[in-house]
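My notes follow in the order I made them.

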Protein chains: 2
Amino acid sequence: MTGPVTLADIRAAAERISDTAVRTPLVPFAPADPGRPLWIKPESLQPTAAFKLRGAYNKIKQLLPEARERGVVAHSSGNHARSVAWLAQRLRLRAVIVMPDTAPANKVDAVRALGAEVVLVPPSERDTHGFVLAEKYGYLPVPPFDDPAVVAGQGTVGLEIMEDLPDADVVLVPVSGGGLAAGVATAVKALRPTTLVIGVEPDLASDAAQSLREGRRVAWEPERTYRTVADGLRTTGLGVVPWEQIRRHLDEIVTVGEEQILDAVRRLALDARLVAEPSGAVTFAAYLAGETTGKHVAILSGGSVNPELLARVLTRPDLQEAPHDR
Amino acid sequence: MTGPVTLADIRAAAERISDTAVRTPLVPFAPADPGRPLWIKPESLQPTAAFKLRGAYNKIKQLLPEARERGVVAHSSGNHARSVAWLAQRLRLRAVIVMPDTAPANKVDAVRALGAEVVLVPPSERDTHGFVLAEKYGYLPVPPFDDPAVVAGQGTVGLEIMEDLPDADVVLVPVSGGGLAAGVATAVKALRPTTLVIGVEPDLASDAAQSLREGRRVAWEPERTYRTVADGLRTTGLGVVPWEQIRRHLDEIVTVGEEQILDAVRRLALDARLVAEPSGAVTFAAYLAGETTGKHVAILSGGSVNPELLARVLTRPDLQEAPHDR
């Protein structure tokens with residue numbers, strides 16, 4: 001696949017991944033303001049806890065049967081690594097995962113437990129060492145976002161949203177490397193151009209907001225993005241493939257603060273009974289802070305939360321109930 | 001409706017409640033043993049946090065338009081109260097909720113916030129005072145479980161399970177007053193008699209297990225059932241209507257301990273990204289402890305968990321990971 005990702009690519013991906021990815025429901029959020037009803041798309045209910053499974057599987061399935069001979073390689077410290085390892089285990093492929101040597105031991109152990117081989121590298125080599133290994137040993141790379149097949153796979157989230165709620169007015173999607181935002185914006189705009197597709201980033205990792213504002217791909221230093229609690233959104237910049245889709249199809253990117261993100265994690269658990277990681281809660285935070293009207297969908301992108309962090313936000317007296325809880 | 005609840009009653013209920021109740025998905029539980037795969041039916045995703053909405057709505061809809069004149073009355077300290085209050089607010093009915101004066105202030109406030117009138121009574125009058133008020137003021141009672149329309153409404157959970165997984169081998173359902181267990185067992189057995197339908201109770205509130213064993217409806221003293229952390233399963237005995245269905249259609253009732261219930265709450269949050277209240281987690285606890293084979297479904301009946309309790313189980317070092325997490 002070359003050139004921009006199309007709705008046809010996304011439809012083909014939906015067919016390809018249907019035997020493994022969960023078709024997540026739209027869950028109505030009961031306490032929502034009647035003037036701006038909200039549905040949550042809980043990608044946290046995927047077997048690997050996040051939407052990443054969709055793009056990784058759409059890519060890997062197209063690499064078969066060659067991947068059976070050569071194995072696959074991926075770089076990630078989070079949900080992409082887990083998805084590739086999980087898929088490789090099911091498909092009986094060799095998987096090599098490149099992770100930064102700063103990754104928490106439990107994340108490294110989780111990937112190893114799925115049978116993948118972990119290669120630890122300094123953080124500065126995380127995004128490149130996989131390609132070095134691919135070159136040297138012939139492994140097939142499964143990129144986390146900068147790949148048309150991966151973008152098309154993530155776009156199936158948008159396709160499902162418009163199938164289930166064809167008159168959605170606003171779709172809120174987290175932005176990091178941009179794979180999910182690019183795929184969702186492409187699908188939604190192709191099916192209903194008047195629906196607003198709004199990206200959401202933490203204030204502390206708002207490189208994509210700056211990129212869209214300036215009309216060019218801007219990268220932030222890792223030291224800068226690593227300040228946010230939303231660890232899944234710390235990527236230093238948009239991928240080339242996602243950027244082409246995002247600048248065409250995404251209406252805007254809004255940002256949310258750290259306290260808003262933590263409050264959103266808490267309220268999703270208590271008011272929607274859904275466990276979200278901070279990165280997965282940014283869209284709900286943006287909904288709570290926003291003033292857009294009509295039917296909203298917030299994509300809850302993942303649920304791999306640190307148990308201590310979740311416990312902490314559940315018992316924080318300083319995170320008050322918002323007025324529309326009443 | 002008189003006589004036993006039938007599959008036709010449950011199908012009619014499904015049609016009746018489809019404009020309001022969420023058709024919850026079956027969520028595959030990824031870490032399950034391949035020999036006994038598990039799907040979770042998360043009724044916690046209903047707008048009122050529990051399956052209770054189904055039965056209450058099936059009942060109330062059949063009371064319209066008379067209920068518009070007379071109002072409705074219900075007794076409950078938990079999810080049934082919340083469901084009736086929420087439905088009454090949407091349907092613009094007067095609702096009176098009888099609650100024990102021992103109910104936590106936040107639960108009373110939540111019901112009041114939905115516009116219902118709360119009448120506090122001593123715990124011993126909780127189950128009868130609603131009928132006194134109905135007699136005196138003409139309110140129409142919406143019983144929590146001992147009513148054919150309520151049982152038929154809860155049975156839609158079983159209908160959906162068999163539509164989504166027609167070859168399910170084992171369905172695990174919590175038992176308290178018995179409305180859910182009766183409805184689910186009726187639906188499942190009518191559609192596939194070989195599927196095992198297993199009720200689950202806390203050891204500390206296992207009046208229904210004793211009833212099924214002895215072939216007669218046994219009641220336990222409130223002081224006895226109130227020892228379990230599973231506050232939604234503290235009802236003192238099965239209802240008459242549910243009992244008739246349960247003794248015919250439920251294969252067995254198993255029980256789980258308090259530590260198993262808390263561990264299940266923790267693992268549902270971290271491994272399935274679903275917030276469960278202790279009562280909602282008993283089926284998952286039974287699955288983890290069980291030895292049945294084939295395709296399992298565990299009904300997660302509700303998610304109104306106390307935030308402090310959830311925070312506590314998330315950080316308890318003594319609740320160890322089970323071996324098949326690895």
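This is a predicted model: local features need pLDDT of at least 70, side-chain atom pairs count only at pLDDT 80 or more; totals for chains, interfaces and linings use all residues.

**Entry 1: helix α2 of chain A.** I looked up α2(A), which runs over residues 52-63 and has 12 residues. From first C-alpha to last I read 17 Å, close to the expected 16 Å. Is this helix enclosed or open? I found 10 of the 12 residues of α2(A) buried, so the helix is largely enclosed by the rest of the structure. Among the buried ones I listed K52(A), R54(A), Y57(A), K59(A) and L63(A). I then asked what covers the buried residues of α2(A). The cover includes α1 (7-17), β2 (38-42), α3 (66-70), α4 (79-91), β6 (140-141) and α7 (148-164), which belong to chain A.

**Entry 2: the loops on either side of α2 in chain A.** I looked at A49(A), in the loop between β2 and α2. A49(A) has a positive phi of about 75°, although it is not a glycine. With a relative accessible area of 0%, A49(A) is buried. I also found P65(A) in the loop between α2 and α3. The peptide bond that joins L64(A) and P65(A) is cis, with omega about 0°.

**Entry 3: chain B, backbone.** I looked up P65(B) and placed it in the loop between α2 (52-63) and α3 (66-70) of chain B. From L64(B) to P65(B) the peptide bond is cis, and omega is near 0°. I noted R92(B) too, in the loop between α4 (79-91) and β4 (95-100) of chain B. R92(B) is not a glycine, yet its phi is positive, about 60°. Is R92(B) buried or exposed? At a relative accessible area of 76%, I put R92(B) down as exposed.

Entry 4: How much area do the two chains bury between them? I have about 2200 Å², with 72% of it on carbon and sulfur atoms. L45(A), R273(A) and V275(A) supply 30% of the area that chain A buries against chain B, more than any other three residues. I counted 29 residues from chain A in the contact and 29 residues from chain B. For salt bridges between the chains my count is 0. I do have 6 residue pairs in polar contact across this interface. On the chain A side, β1 (27-28), α4, α12 (258-271) and α14 (307-314) each supply at least two residues. The largest share of that side, 5 residues, comes from α14(A).

Entry 5: I placed A187(B) in helix α8 (residues 179-191) of chain B. A187(B) counts as buried, at 0% relative accessibility. Which residues touch A187(B), leaving aside its neighbours within four places in sequence? I found L7(B), I10(B), G155(B), G158(B) and L159(B). I also took the C-alpha separation of A187(B) and M162(B): it is 8.4 Å, for residues 25 apart along the chain. The relative accessibility of H129(A) is 18%, and the cut-off for buried is under 20%, so H129(A) counts as buried. Beyond its neighbours within four places in sequence, H129(A) is in contact with V98(A), V119(A) and V121(A).

Terms used:
Residues are numbered from 1 along each chain as its sequence is written. Chains are lettered from A and ligands numbered from 1 in the order in which they are written. Side-chain values use heavy atoms; hydrogens and water are left out. Helices (H or I, at least four residues) and strands (E, at least two) are DSSP runs, numbered from the N terminus. The expected span of a helix is 1.5 Å times one less than its number of residues. Buried means under 20% relative accessible area, exposed over 50%, partly exposed in between (1.4 Å probe, protein chains only). Contact means heavy atoms within 4.5 Å. Buried area is the accessible area (1.4 Å probe) that two parts lose on being put together, summed over both. A salt bridge is a side-chain nitrogen of Lys or Arg within 4 Å of a carboxyl oxygen of Asp or Glu. A polar contact is a pair of N or O atoms within 3.5 Å; within protein, one must be able to donate a hydrogen and the other to accept it, and residues adjacent in sequence count only if both atoms are side-chain atoms.
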